[in-house]
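Please look over the sequence and the structure first.

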Amino acid sequence: MRKTESYVYIIIGFVGAALCFVLHNEWAFLPAVLLGLFSVFMVRHTKENPPSESERAVIQKRNLISVLGWVVFAVLCFALLRNRPAGAGGLWFALSAYLFLALHGILTLIPAR
């Protein structure tokens with residue numbers, strides 16, 4: 001993943017999370033829609049430059065940490081926010097997805113060891 005993509009994920013994640021807390025309605029899904037549109041331009045071909053085995057292991061580890069983080073975020077958002085305006089109507093799930101995006105973007109910026 002390029003640094004630009006990481007920054008986009010972080011920005012979309014934090015803006016979307018903020019909108020969930022501020023707007024309490026369907027407009028909080030707008031960053032997710034914009035990410036979907038922007039992802040068309042972020043697609044790149046890896047056949048020309050495939051990752052090495054060590055890079056593949058690091059990518060797999062980061063992805064696993066991100067998914068586990070998403071599970072934690074989803075459980076916490078569901079338990080704490082489903083009956084509040086910031087989580088009502090499925091916003092708790094959107095909030096957990098935005099936090100996942102931010103976490104994934106942050107983890108991809110950390111140098112590989």
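Predicted model: local features only at pLDDT ≥ 70, side-chain atom pairs only at ≥ 80, totals over all residues.

Residues are numbered from 1 along each chain as its sequence is written, and side-chain values use heavy atoms, with hydrogens and water left out.

**Overall build**

- The protein chain contains four helices and zero strands; helices (H or I, at least four residues) and strands (E, at least two) are DSSP runs, numbered from the N terminus.
- Read from the N terminus, the order of elements is α-α-α-α.
- The C-alpha trace spans about 45 × 25 × 20 Å along its principal axes.
- Of the contacts with a separation of 6 or more, 74% are between residues 24 or more positions apart; a contact means heavy atoms within 4.5 Å.

**Surface and charge**

- The accessible surface of the protein chain is about 7700 Å², and carbon and sulfur atoms hold 69% of this area; the areas come from the Shrake-Rupley method with a 1.4 Å probe.
- There are 10 positive and 5 negative side chains, and the centres of the two sets lie 9 Å apart.
- Lys and Arg count as positive and Asp and Glu as negative, whereas His and the chain ends are not counted; each charge is placed at NZ of Lys, CZ of Arg, CG of Asp or CD of Glu.

**Burial and the nonpolar core**

- Of the 113 residues in the protein chain, 31% are buried; buried means under 20% relative accessible area, exposed over 50%, and partly exposed in between (1.4 Å probe, protein chains only).
- The largest nonpolar core has 15 residues, and those with the most contacts inside it are I12, C20, L35, L95, Y98 and L101.
- Helices α1 (3–23), α2 (30–42), α3 (53–81) and α4 (91–109) each contribute at least two residues to this core.
- Such a core is a set of buried Ala, Val, Leu, Ile, Met, Phe, Trp, Tyr and Cys residues joined through side-chain atoms within 4.5 Å.
- Leaving aside residues up to four places away in sequence, L35 touches V8, Y9, I12, M42 and L101.

**Two individual residues**

- H24 lies in the loop between α1 and α2 and has a positive phi of about 60° although it is not a glycine.
- H24 counts as partly exposed because its relative accessibility is 37%.
- L34 belongs to helix α2, and its relative accessibility of 43% is why L34 counts as partly exposed.
- The C-alpha atoms of L34 and I12 are separated by 8.5 Å, although these residues are 22 residues apart along the chain.
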